[in-house]
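Biologist: I am new to this one. Please show me the model, and I will ask as we go.

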Amino acid sequence: MDSLALGADLEPEPVVDEHSTVTLFVNGEETTLTVDHRATVLETLRERFRLTGAKKGCDHGQCGACTVLVDGRRINSCLLLAVTQDGATITTVEGLADGESLHPVQQAFVERDALQCGFCTPGQICSAVGMLREAADGHPSHVTEPDTATGPVALDADEIRERMSGNLCRCGAYPRIVEAIEDVIE
C-alpha cells in the first residue's frame, strides 16, 4: 500500500486562527491590534510598539529586566501573554514621565546614580513604582512586621530590598537603588 492511499480517508485538519484582536492602553494611548496567541506582552511592546525600555533578560521571569506595570501592578512581561490583556492599561518606563518631567523614581535614580550599564534599570524603576504603590496599599512582604499589615507599610532598607528582590542587577548597583527609592519615600 502506498503512502497516498493511507491518508485518503482522513479529514483535513481544521484551520485554527492563532491570532486575536486586543485593545491595549499603552502609556496612555489606546491601540487595537491583532496578536499571535503565543506573543508575550514583552514581545508585543518591543516589536509592535517599538518600546524597548523593558528588556528580555532571562525570559523565565527570574531577573525582572522586563518588569512593566499592568493596571498599576508590576509584572514580568516575558511571562504574560498579550492576548490575555485585552483592555489592560500597560505602563512602561517610557510612559512614567510627565512630558519633560521625569517620574520621581526616575529622577531619584538619576540623582543617586543608581545604575551602571542600564540594562536592568527600566525594570528596576517600574518595579520600584509598583512596589511603592503596593506598600501604600498595605500589601505586606516577607519582612513586614505583622502589626503593620493593616495599613500602609513603612519602607525601610530591609523592606525595600525584600520587595525589590525579584529584580536583579549584574553590575551590583543595589545600594544606590535602595537609596534612590528611600529618597522618593522621604
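Biologist: Which strands do the buried residues of α2 pack against?

Modeller: This is a predicted model. Helix α2 covers residues 41-48, and its buried residues are Val41, Leu42, Thr44 and Leu45. Those residues pack against β1 (19-26), β2 (29-36), β3 and β5.

Biologist: Which residue just after α2 takes a positive phi?

Modeller: Look just past the end of the helix. The phi there is about 60 degrees. The residue is Arg50.

Biologist: How many bridges join β3 to β4?

Modeller: Strand β3 spans residues 67-70 and runs antiparallel to β4. The hairpin has two residues between the strands, and Asp71 takes a positive phi near 50 degrees. The number of bridges joining the two strands is four.

Biologist: Is Ser77 buried or exposed?

Modeller: Ser77 sits in the loop between β4 (73-76) and β5 (89-91). Its relative accessibility is 0%. Buried means under 20%. Therefore Ser77 counts as buried.

Biologist: Which residue has its backbone oxygen 2.6 Å from a polar side-chain atom of Ser77?

Modeller: Start with the contacts of Ser77. Beyond four places in sequence, they include Thr40, Val41, Leu42 and Ala54. Cys66 and Val68 are also among them. The backbone oxygen at 2.6 Å belongs to Cys66.

Biologist: Is Ala65 buried or exposed?

Modeller: Ala65 is in the loop between α2 and β3. Leaving out residues up to four places away in sequence, Ala65 touches Ala54, Lys55, Gly57, Phe119 and Gly123. Its relative accessibility is 3%, so Ala65 counts as buried.

Biologist: What separates the C-alpha atoms of Ala65 and Val22?

Modeller: Along the chain, Ala65 and Val22 are 43 residues apart.

Biologist: Which element gives the largest share of the largest nonpolar core?

Modeller: This core has 25 residues, and those touching the most other members are Leu96, Val105, Phe109, Met131, Ile160 and Ile181. The elements that give two or more residues to this core are α3 (104-112), α4 (121-136) and α6 (174-185). The largest share is seven residues, and it comes from α4.

Biologist: How many residues are in the other core, the one with Val35 and Val70?

Modeller: That core lies apart from the largest one. Its members include Val35, Val70, Ala82 and Ala88. The count is 17 residues.

Notes
Residues are numbered from 1 along each chain as its sequence is written. This is a predicted model: local features need pLDDT of at least 70, side-chain atom pairs count only at pLDDT 80 or more; totals for chains, interfaces and linings use all residues. Side-chain values use heavy atoms; hydrogens and water are left out. Buried means under 20% relative accessible area, exposed over 50%, partly exposed in between (1.4 Å probe, protein chains only). A polar contact is a pair of N or O atoms within 3.5 Å; within protein, one must be able to donate a hydrogen and the other to accept it, and residues adjacent in sequence count only if both atoms are side-chain atoms. Contact means heavy atoms within 4.5 Å. A nonpolar core is a set of buried Ala, Val, Leu, Ile, Met, Phe, Trp, Tyr and Cys residues joined through side-chain atoms within 4.5 Å. Two strands pair if DSSP finds at least two bridges between them.
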